[in-house]
Every structure is written in structure tokens, then in C-alpha cells.
Amino acid sequence: VKKVPDVSVTLRQIADYIGGTVVGDPEHEVHAVVSPEKSAKNTVSVIWEERELGKMGGEGFLVGPPSFFNGQREGVLVSDPREAFVKLLFLFKSPNKRGKGVHPTALVAETARISPSAFIGPFCVVEDNSVIHDHVVLEAHVYIGANCEVGAHSVIEPMAVLFSDVLVGERTLIHSGAVIGCDGFGIIPSRCPKERPVKIPQVGGVVIGDDVEVGACSTIDRGTLDNTYIGAGVKIDDHVHVAHNVRIGENCILVAMTGLAGSTELGEGVIMAARSGAKDHVKIGDRAQVAAMSGAVKDVAPGVVVSGFPARDHKEHFKAQALYLRLPEIFSRLRELEKKTKSLEEEKE
Amino acid sequence: VKKVPDVSVTLRQIADYIGGTVVGDPEHEVHAVVSPEKSAKNTVSVIWEERELGKMGGEGFLVGPPSFFNGQREGVLVSDPREAFVKLLFLFKSPNKRGKGVHPTALVAETARISPSAFIGPFCVVEDNSVIHDHVVLEAHVYIGANCEVGAHSVIEPMAVLFSDVLVGERTLIHSGAVIGCDGFGIIPSRCPKERPVKIPQVGGVVIGDDVEVGACSTIDRGTLDNTYIGAGVKIDDHVHVAHNVRIGENCILVAMTGLAGSTELGEGVIMAARSGAKDHVKIGDRAQVAAMSGAVKDVAPGVVVSGFPARDHKEHFKAQALYLRLPEIFSRLRELEKKTKSLEEEKE
Amino acid sequence: VKKVPDVSVTLRQIADYIGGTVVGDPEHEVHAVVSPEKSAKNTVSVIWEERELGKMGGEGFLVGPPSFFNGQREGVLVSDPREAFVKLLFLFKSPNKRGKGVHPTALVAETARISPSAFIGPFCVVEDNSVIHDHVVLEAHVYIGANCEVGAHSVIEPMAVLFSDVLVGERTLIHSGAVIGCDGFGIIPSRCPKERPVKIPQVGGVVIGDDVEVGACSTIDRGTLDNTYIGAGVKIDDHVHVAHNVRIGENCILVAMTGLAGSTELGEGVIMAARSGAKDHVKIGDRAQVAAMSGAVKDVAPGVVVSGFPARDHKEHFKAQALYLRLPEIFSRLRELEKKTKSLEEEKE
């Protein structure tokens with residue numbers, strides 16, 4: 001992908017931004033941050049492992065610890081290159097350059113209120129009584145149902161859907177294909193053949209806090225009666241399912257393909273690893289973790305790491321799993337014992 | 001979420017609708033049904049567990065069994081509060097107030113036929129020869145491919161896609177982000193390095209019955225030659241995948257993240273629990289159940305509950321699973337036996 | 001689904017196309033290829049199993065091996081009916097009949113370049129500097145972000161999203177609801193309560209090769225610094241997640257609900273079966289396979305088939321799994337041994 005070089009900063013600016021010391025001419029221009037293998041003129045690479053250093057070409061600039069500067073290399077000297085890396089990415093990430101105003105093709109209901117500093121992209125639909133706050137960006141093809149509210153500086157990517165009664169906080173980012181406020185799956189199974197399952201109407205909404213991220217193709221269902229709730233700072237990856245009435249505390253992380261069944265409750269700072277899950281009504285305590293591919297079927301205490309299905313203490317599960325892998329050996333040792341015991345019994349007779 | 005109070009009913013109307021007896025002034029107005037914790041003036045809460053009763057404030061109305069009315073409380077007395085709860089939700093669920101007609105921004109092919117009572121929302125596209133029946137609602141941004149048919153009173157939510165050759169029954173609800181009629185994954189793997197896998201064209205369609213629900217971000221692929229088939233009354237949650245040539249009998253329930261591989265067949269009233277699956281060509285009998293996180297790799301007899309992967313009779317699986325968790329104990333008992341046997345053998349010598 | 005008979009070919013044309021010999025009048029007309037159960041006038045069915053032959057009605061044409069033609073049946077005689085079946089489907093698959101040109105409702109940035117032979121459907125958005133090559137079809141409601149490129153003859157289905165910096169090769173097919181180039185999930189978890197997790201900006205792009213297929217509701221995240229890379233000929237089913245910095249070699253197959261964590265690397269011709277996965281940074285060798293419902297947590301050597309979680313050699317896993325199912329028996333044999341040993345010990349005293 002050949003990108004338009006839309007960023008140009010000097011080594012001095014980089015040093016100021018990430019907190020470091022320039023090595024060489026502070027007016028050198030930098031157009032991109034790249035991996036060491038792609039180091040070239042006007043690029044900068046951040047390195048914290050010695051073995052990465054050899055991959056760099058001679059013309060690119062370096063951000064690294066003092067020991068990596070050998071007298072020839074120019075760049076910026078830092079004490080914590082990892083931290084510098086994240087900061088540097090923010091510097092080079094093109095800021096969203098959307099202006100403000102409602103695109104002429106967008107459809108905004110008369111009763112909706114749009115801040116003059118917000119951007120409403122092409123083909124967006126904003127329904128009755130919804131409120132879009134300052135500096136919000138709705139990219140193209142965003143659907144906002146009735147009675148929604150989107151907090152200041154939040155961004156909603158193309159093809160995302162907010163049904164009615166969804167409240168989104170400030171600085172929140174909702175990715176494409178996310179569906180928020182869809183009916184919860186409240187279904188009463190049929191009790192006898194030929195009877196239809198019955199759908200329970202879902203009249204609650206969804207409340208999403210500040211600084212949240214919701215990944216592509218993720219779904220957050222509306223509550224049955226109250227609101228499904230996502231606390232501030234929660235980060236949700238792609239293909240995650242949050243069912244009706246779930247409550248997620250602040251700063252939780254839900255990795256891709258995680259599924260939370262109805263009315264589960266997560267404390268603060270919980271980590272749900274990839275493709276993990278929790279049974280309905282399960283409570284997971286503050287800063288607990290559910291390992292990848294695992295499913296919690298009962299409450300998890302704060303700070304505890306659980307794994308497996310049904311999930312339990314990670315160390316316990318690990319022991320059982322290790323023995324599972326040794327089952328063929330265990331079985332042959334059992335058979336060996338059976339032989340010996342039989343022979344002992346026979347001798348006795 | 002501050003909702004506009006768009007519903008106002010009296011206790012008398014509630015009693016009539018759900019079948020109960022008014023306690024107090026039948027002309028009291030009710031604007032919302034809420035959980036007991038949120039009970040307040042002009043709200044009603046339905047309670048069937050004693051411990052919930054204490055959570056109610058003094059001003060809200062109650063729907064509950066006779067024993068919960070202590071002389072002060074007003075509301076509606078019912079014999080089956082759970083059933084009353086579902087009915088009450090229907091009463092308060094704002095009916096879809098869409099009018100009728102084709103929105104001026106929608107694009108409808110000349111050869112398509114749209115009932116005068118249907119609503120075609122903003123930015124919808126309806127392609128050649130498709131038929132939209134009476135009182136259908138296509139919300140904004142719905143794509144209907146060629147040769148489709150959507151039955152009376154069905155609703156399709158924003159950003160849902162029906163490819164060509166998809167037939168949808170009556171009163172069916174398709175949620176946002178659902179993709180119906182996408183190519184089945186008919187791929188012939190390459191037999192040697194450098195060879196491309198070959199895509200098998202998929203020329204069948206999809207038939208969906210009456211009273212079906214398809215969740216957000218769920219996919220139902222078209223058949224290779226015949227139609228993928230979803231029987232009447234089937235309820236499908238979010239993130240569910242139904243592959244090509246699958247046949248699902250009436251009234252089945254597919255919970256979130258379930259996956260059915262190609263040509264699987266479900267009888268009537270089957271329940272596929274969360275993140276369950278079935279291997280291609282597997283047949284699952286009437287009213288059978290596949291437990292959460294389980295995968296059926298061979299046929300399941302009618303009425304049987306299976307779990308695990310590979311799935312088998314739930315009781316059998318449960319026994320094995322319980323012993324799996326006890327593997328460390330089993331292993332130490334085995335080692336103990338080995339010691340004892342060795343010592344018996346040595347003594348013998 | 002009643003389809004418009006938009007294809008009409010003669011037996012002679014079929015024989016020429018699939019490489020066979022006409023049996024009967026070469027000018028007979030055929031309007032559809034159907035399964036044997038649906039055989040009727042002007043249809044053709046392909047049969048390679050004797051038991052399927054009995055399901056055919058008398059009026060339909062047959063494509064099959066010589067032994068299936070009994071003197072009455074007309075059709076086309078072939079040596080390899082399976083191969084003929086795939087070819088025949090290509091003949092009957094209606095070619096995409098989109099014309100060329102930009103639909104009047106589509107919005108194309110001034111700096112974007114669109115080939116005159118490309119079709120840009122209704123409500124499409126193409127942002128700055130993007131390039132759409134010859135004969136590309138963007139169906140309705142496709143979003144193409146800035147600095148993208150879509151190679152000749154590629155097709156993008158309704159509601160698919162390409163964020164900025166996505167390069168798509170030639171003859172590639174991207175299905176509805178797919179989201180390509182979304183931010184990778186680079187999140188630094190909080191180290192103490194109340195601290196927010198930190199999002200690492202993602203400035204890389206996505207490169208997708210020629211002849212690729214990306215299924216409905218699948219996501220391919222952009223790289224952190226470099227590009228996420230999908231090799232030529234790769235076939236991706238629905239609900240698949242490809243995280244940031246992943247590299248997939250040519251001709252791999254990823255079946256539905258597969259998830260690849262960040263920076264995994266797949267060689268050429270790898271098969272990831274349904275709902276399989278790989279941990280971050282894992283390398284899977286050429287033509288290796290990960291079985292359904294399995295998760296690779298360490299590197300897999302070329303050509304090896306692994307299964308289970310944690311995945312290991314399929315045969316080893318199979319043995320352990322078989323014994324897992326026999327755990328109740330193993331446990332009762334263990335208890336039996338304990339009894340016998342105890343009795344041997346007691347006798348000894």
C-alpha cells in the first residue's frame with residue numbers, strides 16, 4: 001500500500017513529543033514510522049531488542065536506548081523505547097480530518113439535535129430525538145435510531161448501527177459493522193411439538209461509558225427492562241457478543257470472539273481472553289481473568305485467573321490438562337498394574 | 001437513557017390486557033414497566049419472588065400474586081406473574097410506527113413489486129423482480145437482491161442484506177448486520193503446492209419460514225443447488241452461522257455464536273445452546289439439544305441432550321468431565337498403587 | 001424461490017463446456033441444473049452415485065458415467081461426473097450483469113480514480129486517492145476509505161467496508177458485512193485499578209492478493225506498523241477474524257468462525273477448519289492443518305495435522321481423547337485395583 005506521506009515532523013518535534021534527546025541534526029525530516037526491516041530515508045524505527053538493530057538500513061533514523069547509538073546513527077535517544085513507540089504512533093496517526101457539518105445526503109430527523117461542531121457523513125440517518133454532541137464524527141452510512149445520544153469527540157465508523165435508546169459516552173470509538181441495541185435473545189422455548197417459541201419483548205436500552213472501544217462486527221443487545229451497561233474505558237475487540245442485561249465494569253478488556261450470556265456481571269479491569277465466555281448470570285470479580293477458549297459457568301472471585309470449560313482456577317486446570325495429555329501413558333500404567341496385581345493374586349492361591 | 005414517555009395506560013387497561021384484577025384506583029396512569037429497583041411514580045413492576053418485593057419503592061405499582069398485596073400497595077393481582085410479565089412487555093413495547101410508502105431516497109427496480117402498505121426506508125435498494133408484501137417494514141439501508149420475496153408484516157432492520165433468491169415468510173424479523181444468501185463456502189482444496197483452491201459456484205437460494213427471527217451479524221448461506229431452509233418459528237440469535245444446504249425444522253432455537261456446517265439437518269424444536277456446533281451432514285433429531293460449547297460430529301437421536309466435543313449423551317459426558325477435573329487425584333492414587341504393588345512384589349521375593 | 005429462467009443452453013453446449021458426449025438430441029434445451037429429486041423437463045442433474053439415480057424423474061436430463069445411461073435417458077455422458085458438476089455450475093451461474101459506470105447516487109472523491117469499465121453501485125462512497133481498476137464491481141452500499149486500491153475484476157458485495165490503506169488484488173471477492181482494515185486490537189491493559197487500558201494506534205494497512213475470497217461478516221484488521229497480509233488464492237469463510245500483523249500464505253483455507261490472533265503466520269496451503277484458532281505469533285507451516293474446534297498455541301510443522309486445545313499431533317490427541325471418553329471405566333478399574341491391593345496387603349499381615 002503506497003501511502004500519501006501526509007505527515008512530516010522533525011527529530012526535534014519527535015524528541016519533544018515522546019520525551020527524548022536528539023542525536024544528530026534536530027531539523028532532519030521524518031515522514032513515517034516503520035519496522036526496522038523497512039527503514040529508509042526519512043523514516044524512523046523504534047528498537048528495544050538488540051537483534052532488531054541489525055535489520056535497520058543505514059539511512060533511517062532510530063529511536064532507542066543510549067547503547068544502540070554507535071556514533072553514526074542519528075535519531076532520538078530514550079530511556080523506555082516501548083513507551084516511546086506507543087507515543088510515536090500517536091504522533092504519526094493521521095488525526096481524523098473530518099470537518100464539521102451535516103453532509104447533504106445525510107438524513108437527520110427534525111427533532112434530533114446535532115452540535116454545530118459534529119460531522120454527519122454521507123448517507124447517515126439520525127432518527128427522532130437523538131442528540132449528537134460536540135466534535136462527534138459519524139462516518140458514512142451510520143444509522144442512529146431514535147432517542148440515542150452520542151457524547152463529545154466520539155467516532156462511529158461506516159455501517160455501524162445504533163438502534164433506539166442507546167447512550168454513548170465521550171471519546172468512544174465504535175467500529176464498522178458493530179450493532180448496538182439489537183433485541184436481546186429473550187426466547188421462551190416451546191413446551192411441546194408444533195408450539196412456537198415465544199419472543200419476550202425487550203424494552204430496555206444500552207448505556208456505553210466514556211473512552212470505550214467496540215470492535216467490528218460486535219453486538220451489544222439492549223436490556224429486557226433495564227439497560228445493558230458498558231463501563232468507561234472498556235475495550236471490546238471484533239466479533240464479541242454482549243447479551244441483554246449484561247453489566248461490564250470500568251476498564252475491562254474483551255478479546256475477539258468473546259461471548260457474554262444474558263445478565264452476566266463483570267467487575268472492573270476484568271480480562272476476557274480470545275473466544276472466552278461466561279454463562280448467564282455469572283459474576284466475574286474485579287481484575288479476574290478468563291483464559292482463551294475458556295467458559296466461566298460459575299462466579300469467579302476477584303483477581304483469580306480461570307481457564308478450561310467449565311472454567312476453574314488456572315493452576316488446577318493446568319494440572320488436569322497436563323494429565324489429560326498423558327492419558328495414554330496413565331492407561332498403560334494402569335494396565336501394567338492390573339497384570340501385576342493379577343499375578344500377585346494368582347501366586348497367593 | 002432518558003426515554004420519551006410515549007406510552008400511557010391505566011391500571012384498568014393493564015388488568016384487561018394481561019388478565020388480572022385491579023387493586024386500587026383503576027384510573028391510575030402507568031408510563032413504564034421497570035425492574036423493582038427502579039420503581040417510582042407512574043411505573044409498574046412485575047414480581048414473582050418474595051426477595052424482589054423489598055426492592056420496590058412505595059410509589060410504584062405492582063403486578064404480582066395476591067400474597068404480595070399488603071393493603072397499601074396498588075396494582076394488578078395475577079395468578080401467573082411470569083406470564084403477565086411477558087404480556088405486559090408487549091403492551092409497553094412501542095409498536096413500530098413506520099407509516100407506509102417508499103422513502104424518496106430508496107431505489108426500487110422497475111420490475112420489483114412493493115405493496116402499497118409496505119414501508120421502504122431511506123437508502124434501501126430493492127433489485128429486479130423482488131416482491132415486498134403488505135405491511136413489510138424495511139428500515140434504512142436495507143439491501144434486497146434480485147428475485148427475493150419478503151412476506152407480510154416482516155421487518156428487516158438497518159444494514160441487513162438479502163442477496164438474490166431469498167424468500168422470507170410472514171411476521172419474520174431480520175436484525176441489523178445479518179447477511180442472508182451469501183455464497184456457501186464450497187471450496188475444493190488444492191491437491192498440490194502452488195495450485196489454487198477451486199470455488200464451487202453456489203446457485204441455490206434461501207427459504208425462511210414465517211415467524212422466524214435472525215439475529216444481528218448472523219449469516220445464512222445460499223444452497224449449492226437447492227435452497228438452504230429455515231423452518232417457521234425458528235429463533236436465531238446473534239453471530240450464528242448457517243452454512244449452505246442446511247435444513248432447520250420448525251421452532252428450533254439457535255443461541256449466539258452457534259455454527260452449523262454444510263448440509264446439517266435439524267428436526268423440529270431442536271435447541272443449539274451458545275457457541276455449539278454441528279459437523280457437516282449431521283442430523284439432529286426432533287427436540288434434541290446440543291449443550292453450550294459442544295460440537296455434534298455424528299447424528300443425535302430425537303429428544304437426546306448431548307454435550308462435549310465430540311458431543312455424546314450429556315450424562316455420560318458429565319461423568320467423564322467430572323473425572324477429568326479429578327485427574328490429579330486419580331494420578332496420585334495410581335502412583336500410590338504402583339508403590340504398594342512394587343513393595344508387595346519385593347516382599348514376595 | 002421461483003427463479004426467473006435466465007439461462008438456456010443446449011445439451012450440445014453443455015457437452016462442449018464440460019467435455020462430454022451427448023446422448024440423445026443435441027438441440028434439447030436446458031434451463032437449470034437441479035438435484036435429482038427436483039429433476040423435471042428442461043433440467044439437468046449430475047449423478048455419480050448409483051443410489052441417486054433412482055431419485056430422478058423421467059423427463060430430466062442426466063450428466064453421468066456411461067453405465068447410468070440405460071437407452072432411454074438423454075443427457076451428457078462424462079468420465080468424471082464430480083468434475084463435470086463443478087464445471088456445469090459455472091455454466092449456469094448467472095454472470096454478474098452489472099454494466100459499467102458510476103451510479104448517480106454514489107459519492108466518489110475528486111482525487112479517486114475509477115476505471116471507465118468499473119461499476120460503482122448506488123450509495124457507494126469512495127474516499128480520497130483510492131483507485132478502482134478495470135471491470136471492478138462495487139455493489140450497492142460499499143464503503144471504500146482513503147488510499148485504497150481494488151484490482152481488476154474484483155467484486156465487493158453490499159455493506160462491505162474497506163477502511164483506508166487497503167490494497168485488494170485482482171478477481172477477489174469480498175462478501176457483505178466484511179470489514180477490512182479496522183484497527184487492530186492493540187491494547188495495553190491497565191496495571192492498577194482505576195487506570196484506563198491504553199490503545200496503541202494502528203498505522204499499518206492491509207494487503208490482499210489475487211483470487212481471494214473473504215466471507216460475510218469476516219474481519220481483517222490493519223497492521224500496527226506494517227501491513228496485515230493475505231496471500232493470493234486464500235479462501236476465507238464467514239465470521240472469520242484475522243488480527244493485526246497476521247501473514248497468510250497463498251492458497252490457505254480458513255473455514256467459518258476461525259480466529260487468528262495478532263502476528264500469526266500461515267504458510268502456503270494451510271487449512272484452518274471450522275472454529276479453529278491460533279495464538280498470537282504462532283507459525284503454521286505449509287500445508288499443515290488445524291482441526292475443527294482446535295487451537296494452536298505453539299508452532300505447527302509443515303504438513304502436520306493438529307487437533308485439540310492445546311493443539312498437538314492429531315493421532316496423539318485422538319488417543320488421549322478416546323481415553324477421556326473412557327475415564328469412568330478407567331476410574332472404576334483403578335478402584336477395583338485399590339480394593340485388590342488392599343486385600344493383598346491385609347492378607348500379608
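A salt bridge here is a side-chain nitrogen of Lys or Arg within 4 Å of a carboxyl oxygen of Asp or Glu. Keep that in mind for the first view. This is a predicted model, where local features need pLDDT of at least 70, side-chain atom pairs count only at pLDDT 80 or more, and totals for chains, interfaces and linings use all residues. Residues are numbered from 1 along each chain as its sequence is written, chains are lettered from A and ligands numbered from 1 in the order in which they are written, and side-chain values use heavy atoms, with hydrogens and water left out.

**View 1. Salt bridges link chain A and chain B.** Between these two chains the count is seven salt bridges. One to look for joins the side chains of A:Lys194 and B:Glu268, at 3.0 Å from N to O. There are also 21 residue pairs in polar contact between chain A and chain B, both residues at pLDDT 80 or more. (A polar contact is a pair of N or O atoms within 3.5 Å; within protein, one must be able to donate a hydrogen and the other to accept it, and residues adjacent in sequence count only if both atoms are side-chain atoms.)

**View 2. Chain A meets chain B.** The contact (heavy atoms within 4.5 Å) takes 83 residues from chain A and 65 residues from chain B. Together they bury about 5800 Å², 67% of it on carbon and sulfur atoms. Buried area is the accessible area (1.4 Å probe) that two parts lose on being put together, summed over both. Look out for A:Phe185, A:Arg196 and A:Leu225: they supply 12% of the area that chain A buries against chain B, more than any other three residues.

**View 3. Nine strands of chain A form an open sheet.** Strands (E, at least two residues) are DSSP runs, numbered from the N terminus, and two of them pair if DSSP finds at least two bridges between them. The order is β10-β13-β16-β19-β24-β27-β30-β33-β36, with parallel pairing. At the edges sit β10 (113-114) and β36 (283-284) of chain A, each pairing on one side only. Zoom in on β30 (residues 247-248) and β33 (residues 265-266) of chain A, which pair over two bridges. Here A:Arg247 has A:Glu265 as its bridge partner.

**View 4. Chain A superposes on chain C by a rotation.** (Copies are superposed by least squares on the C-alpha atoms of residues with pLDDT of at least 70 in both.)

Terms used. Helix = DSSP H or I, 4+ residues; strand = E, 2+ residues; numbered from the N terminus.
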